[in-house]
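Visitor: I have a new structure to look at. Could you walk me through its charged pairs and its strands?

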Amino acid sequence: MKKVILALGLGALAACSDATSPVNTATPNLKTRATLATGDNVATVKEADVTRQVEDTPPTDSWVLYTRASTTGSASFVVGPAATPPSGHGSLQLSTPDGSAKVFLFNYDESGTKLADIDSIAYDTYRSAGSAQQVTSLNIQVDPNGPDVAGGFTTLVFEPVYNTIQGAVVNDAWQHWNAFNGGDAIWWSSRAIPGVCATECYVSWNTIVANNPDATILAFGINQGSGNGGLTTSVDALVLGVSGNSITYDFEDSACHFTTNGSNYNLDGDCVTTSTIIIPPGLTLNGNGHTITANDPAGDHFRGAVVTNGGTTNSVTNVTITAAGLSNVCDGGTDRLRGILFDGANGSITNSTVAGVRQGLSGCQEGNAIEVRNQPFSESGPISVGPDVNVTISGNTVSNYQKNGITVNGAVVANVFGNTVTGDGPADYIAQNGIQIGYGATATVKSNTASGNFYTSPATEACGLLLYRADGVKSSANKFFGNQVNQCNYGKGGGNVEASN
């Protein structure tokens, strides 16, 4: 089996590397995330796409972000810097505060690609802190012998300091570095290979390829550290082109970004939020199949809805809403946890998934996956009076919620159809309800499936469909199973509930 050798450092003359010898490690069976395809392609790389490991350990993923143990080197996916990064909204920021720090990001998707077939290599940098010509370098780990001959390893290094024709490194500006440049870009090698001495020979890419025609990629990435104290650099738009095709790795932060196109408020990609996302008035949040994950903010816990309306008319479609590791802290009022909340808004919630919006196996009376409400109403006072809002809730998949799957409360006329709502099954920590229509709400509830809502305490019932002081509800053609009670009707009001199963 061929060996992948981790680049632990390079020649002492290089601005961004050290002289530590690489360590041979067996190539693992890595999951490929993105490979070259016909044409010019873009692959987004975020925190969730990389595995963080300590230097000197074998790669365990397609993207590995290495840092040196017991040093202050760090890397993070950030917004910007500056108003417009080269690609998208964000970049990967590398920081080496002292001379011993080291951090590097390597990709293993293109292992086996011949250097002779490469026709494009580039990246962009933004130096926020640092001096002279020091900036993040580009590394390619190489088997100079090719896969058919045992042994052989070096790391090829591109640094702007040796490519002065492309300009000097400056602070507070994005700069583009062409590491191919028609084959004339200058590189150096961490080890002696045919035509290139170790560390001190600065030669063109064409010279390296001409003297090593069978050389192949082992890994490809960026590297900063070892002697680069006080350097902070952001990197974006890492490009590799082979035989007329190319892939641009767009390093992105995990924040949620939207673009407005007509009436659509389009989610640009999978993202993480630590606060409520408010849809601008009159627009439809179109998730385009992407996922929004709620996380606790630093030093606090997530409060309120993950997504909510910002106007009197809004809609949500084709998005997945979830949460990860939320603190088990009970809140009331507007701080109650919800997945999607419409409060006093007309519109629709369609073809979406809400799963895992909860605080663990909590008894807090919140964590409704989808909730539509229209004030004023109270749990003990009069039921709500109009004017009504009209909302359609259809084609959604709801599961792993804390309290209720779908909730409609107050002066709402709702059409709830074709949804699948799945509770936890028998539980002793909370009484879940699949679908709740309450406090004067009017609804048609049709062709839904509600299951797994079962509270093991005898004092309270969990319901597949709960009507609580509702007004004019029609329920038909629904499927209920695995609930403590399939259909419940409590308090004043209710409706025409047909037996359906």
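Visitor: How many salt bridges are there by the distance rule?

Guide: This is a predicted model. Side chains of opposite charge can pair when their charged atoms come close. Here a Lys or Arg side-chain nitrogen must lie within 4 Å of an Asp or Glu carboxyl oxygen. By this rule the count is nine.

Visitor: Which residue forms a salt bridge with R52?

Guide: R52 is partly exposed, at 41% relative accessible area. The closest N and O atoms are 3.0 Å apart, and the partner is E47.

Visitor: How many residues apart in sequence are E55 and R68?

Guide: E55 and R68 form a salt bridge, with the closest N and O atoms 2.9 Å apart. E55 lies in the loop between β4 and β5, and R68 lies in the loop between β5 and β6, so the pair ties together parts whose separation in sequence is 13 residues.

Visitor: Is E55 buried or exposed?

Guide: Buried means under 20% relative accessible area. E55 has 10% relative accessibility, so E55 counts as buried.

Visitor: How far apart are the closest N and O atoms of R373 and E371?

Guide: R373 is buried, and E371 is buried as well. The two form a salt bridge. Their closest N and O atoms are separated by 2.7 Å.

Visitor: Which strands are the edge strands of the open sheet?

Guide: The open sheet has eight strands with mixed pairing, in the order β4-β5-β8-β15-β10-β11-β13-β14. An edge strand here pairs on one side only. The edge strands are β4 and β14.

Definitions and conventions: Residues numbered from 1 in each chain as written. Predicted model: local features only at pLDDT ≥ 70, side-chain atom pairs only at ≥ 80, totals over all residues. Heavy atoms only, no water. Pairing = 2+ DSSP bridges. Helix = DSSP H or I, 4+ residues; strand = E, 2+ residues; numbered from the N terminus. Buried < 20%, exposed > 50% of the residue type's maximum accessible area, 1.4 Å probe, protein only.
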